[in-house]
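Colleague: I would like to go through the labels on this model one at a time. Please set each value against its definition.

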Amino acid sequence: MKTNNTRQLTLESLEAIPLTYGSIILNKEMFIQVLVETKTLQDLISLKNKLIVLKDIITNHKKDQEGILNIDANGDTVSLRRDVLTSELNQILESQTVERAKYYLKRLENGVQKVKTSKINDINLLRWKEYDDIITDSLWVLDKRDTSGVHLGWYWGNFIPQIPHQTLIRYTKKGDWVLDAFVGSGTTLIECRRLGRNGIGIELNQEVAREAKKLIEKEQNKDNVVSEVIIGDSRTMNIEEILTKHKINQVQLLIMHPPYHNIIKFSKDEKDLSNAKNTEEFLKMFGEVINNATPYLEKERYFALVIGDKYSKGEWIPLGFYCMNEVLKRGYLLKSIIVKNFEETRGKRNQQELWRYRALVGGFYIFKHEYIMLFKKK
């Protein structure tokens, strides 16, 4: 019964937007023709000479006598990032053999003519070099919170927008559905709107949920996606009923950013995980959330867990890894553990010297990191 709004992407929808990153607009037919003609050359020197002429045109439009460059984008053009295209041409020019040069030429030709994406995202793998804003390292050192759009840091305990932004791009396609079981101030759903994904968030705290709804509605919804915040307990919420209302039966990405046990008390509600009496009870409650949400995550799609450790009575509590084990017990496949370091947390703002003193006295290190754990549903 699944209604998948994922649309078939065209090459044009994946192209670099003209004028961003110094993009260049090419007459696709003319550009391909030049590449094909170049591939027919049998000696490396002739091939490189033709590429040098092409590169000259790319960098100086006044030398374009063949009509390779266009001023405006239309159905007959293709937009490429100028720096990436220049890098591709340089790689061909540095080739030591004609065979290697033709291999790179063919790759460039495919990148202009075709789209190759995986089942889980819209990244055009034939033009992967253009996605240098996507982080692929397991250590994320971020100096500040993204405050673009309607993102605000008003809610103590929300995660930075860069986390859902990166996970949505890597693990969803446009039109996919995302479920955030601890939506808080709505950061995930705001990013969903910005990236054209449908988002459903569950939040226990009524006041926080109401503020999140107001904030999310302020974000532009150019792709007309669904953004729904539901008040309730993620352990017992009838998720099937929610999805049925939208004529779907599963989502393509699950995100959870639960409380780090009792580091921050978010409410006095006994159903709130931050009020769990001890670590064991916290993990039991967290496990119940996983149990409730897992049936509604599509097979072979991803679950992103954002969690940190805690320090209590002189002891480091590896809460993140305890939570990881709760997920693994339920049959998920661990794909990555990312360590995210954020210099200025709200809790420690303006208290750096005090925390440094406490660390020196107590023999511990100051928390500045969290884990982003990525699991795949088998």
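Modeller: Two strands pair if DSSP finds at least two bridges between them. Strands (E, at least two residues) and helices (H or I, at least four) are DSSP runs, numbered from the N terminus. This is a predicted model, where local features need pLDDT of at least 70 and side-chain atom pairs count only at pLDDT 80 or more, while totals for chains, interfaces and linings use all residues. Residues are numbered from 1 along each chain as its sequence is written, and side-chain values use heavy atoms, without hydrogens and water.

Colleague: What makes β7 and β8 a pair?

Modeller: Five bridges join β7 to β8 (residues 297-307), and the definition asks for at least two. The two strands run parallel. Ile-255 stands opposite Ala-304 in β8.

Colleague: In what order do the strands of the open sheet come?

Modeller: The eight strands follow the order β3-β11-β12-β8-β7-β4-β5-β6, with mixed pairing. β3 (139-142) and β6 (227-231) are called edge strands because each pairs on one side only.

Colleague: Why is Gln-252 called buried?

Modeller: Buried means under 20% relative accessible area (1.4 Å probe, protein chains only). Gln-252 has 1%, so the residue is buried. Gln-252 lies in β7 (residues 251-256).

Terms used. Buried means under 20% relative accessible area, exposed over 50%, partly exposed in between (1.4 Å probe, protein chains only).
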